[in-house]
Amino acid sequence: MENIPTQPLLTPYKLGKFHLSHRVVLAPLTRQRSYNNVPQPHAILYYSQRTSKGGLLIAEATGVSDTAQGYPDTPGIWTKEQVEAWKPIVDAVHAKGGIFFCQIWHVGRVSNKGFQPNGQAPISSTDKPVTPQVRLNGIDVAEFSTPRRLRTDEIPQIVNDFRIAARNAMEAGFDGVEIHGAHGYLIEQFLKDQVNDRTDQYGGSLENRCRFALEIVEAIVNEIGADKVGIRLSPYTEFMESVDSNPEALGLYMVEALNKYGILYCHMVEPRIKKGGVVAECPQSLVPMRKAFNGTFIAAGGYGREDGNNAVAENRADLIAYGRLFLANPDLPRRFELGAPLNKYDRNTFYTSDPVIGYTDYPFLEANGNS
């Protein structure tokens, strides 16, 4: 293995009150192994394998209510049973010195009646459905039910669901929460002008479209403290037909508004990721948002070791989130440090329900031991 000087990615960083030993973050990764929406004991091993002392992990997207679901076996945090099930998972991460944030989400219209209580329509900013999508395995087709547009007077209840989920995450022992405002899910269905066709105070102008997201931020900040709150945004992506006509304006408006709340971090997806995780070179960058945001800035989207190091060295981000590489390499920071080869990920097992295969069976470097 090559002997390399200390890489920018492997330098310490102070994230608010948290002392990170390196800047390699476990991105939030839906794994669909939480049977009946309850986190399972096999997740204890999965997360602890990917924990290093002083490393930041962001948990997979976790539903805020019984209307938040759109995929099989994704975890929730709205019931006592779910909160209790998260506790040993969080404890395992803390036992190895990791910092653990819970990503909380609502899928909105990216759902169908089969996932909804009493078979009701999914809720959204709009009543426009998402057209059927070929799943990432390239074979199955996901069908989405026509959503029901939330009434103005119903929106505070959804905001409250996020607030309670944040409180529950703290009860489960998490160090903080990341609000999922990306990838075409409910919050982004309000943010983006090609989806949001409302005529009330939550639609139309940029300010109105961002109102819902910022009300959620404010409610959670008031509940658990700004020092424990992050948000994930993807103004440039086009996941689930969630497109905006001016993504840079949207991104800048959001980070400047977020500054007023003093939240811990903003986690943003690179413009080069359009949909399905495919990397496409493009002229846009996150630098304007990075410069405008006062807190810690996390970048995600198709990063490897070299460009992750460059992004930190060039001050384009403080931390870099890794998804597929971290999924397949539980000791990713160590491999980066040694310049070691990486395990290849198997896309076919990303979303299966097997508690081991494609989940906890990716090998560690021999030198590191399976610990």
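This is a predicted model: local features need pLDDT of at least 70, side-chain atom pairs count only at pLDDT 80 or more; totals for chains, interfaces and linings use all residues.
**Stop one: two packed helices.** Start by selecting residues 206-224, which are helix 5, and residues 247-259, which are helix 6. Their axes lie 11 Å apart and meet at an angle of about 40°. That angle makes helix 5 oblique to helix 6. Turn the view and you will find helix 5 passing helix 6 in a right-handed crossing. To see the contact, show Leu206, Glu207, Cys210, Ala213, Leu214 and Val217 on helix 5, then Ala249, Leu250, Tyr253, Met254, Ala257 and Leu258 on helix 6. Coloured by residue class, this contact has eleven nonpolar residues, no polar ones and one charged.

Next, pick Lys80 and Glu84, both in helix 2 (residues 80-95) and four residues apart, about one turn of the helix. They form a salt bridge, with the closest N and O atoms 3.3 Å apart. Glu84 is partly exposed at 35% relative accessible area, while Lys80 is exposed at 53%.

Move on to Glu154 and Arg148, whose side chains meet in a salt bridge at 2.9 Å, N to O. Here Glu154 is buried, with 16% relative accessible area, whereas Arg148 is partly exposed at 35%. Then select Arg198 and Asp200, another salt bridge, with the closest N and O atoms 2.8 Å apart. Both Arg198 and Asp200 are buried.

Notes
Residues are numbered from 1 along each chain as its sequence is written. Side-chain values use heavy atoms; hydrogens and water are left out. Axes are lines fitted to C-alpha atoms, for helices over the stretch in contact, and angles run from 0 to 180 degrees between N-to-C directions. Angles under 35 degrees count as roughly parallel, over 145 as roughly antiparallel, 65 to 115 as roughly perpendicular and the rest as oblique. A crossing is left-handed if the near helix is turned anticlockwise from the far one by less than a right angle, and right-handed if clockwise. Contact means heavy atoms within 4.5 Å. Ala, Val, Leu, Ile, Met, Phe, Trp, Tyr, Cys and Pro count as nonpolar, Asp, Glu, Lys and Arg as charged, and the others, Gly among them, as polar. A salt bridge is a side-chain nitrogen of Lys or Arg within 4 Å of a carboxyl oxygen of Asp or Glu. Buried means under 20% relative accessible area, exposed over 50%, partly exposed in between (1.4 Å probe, protein chains only).
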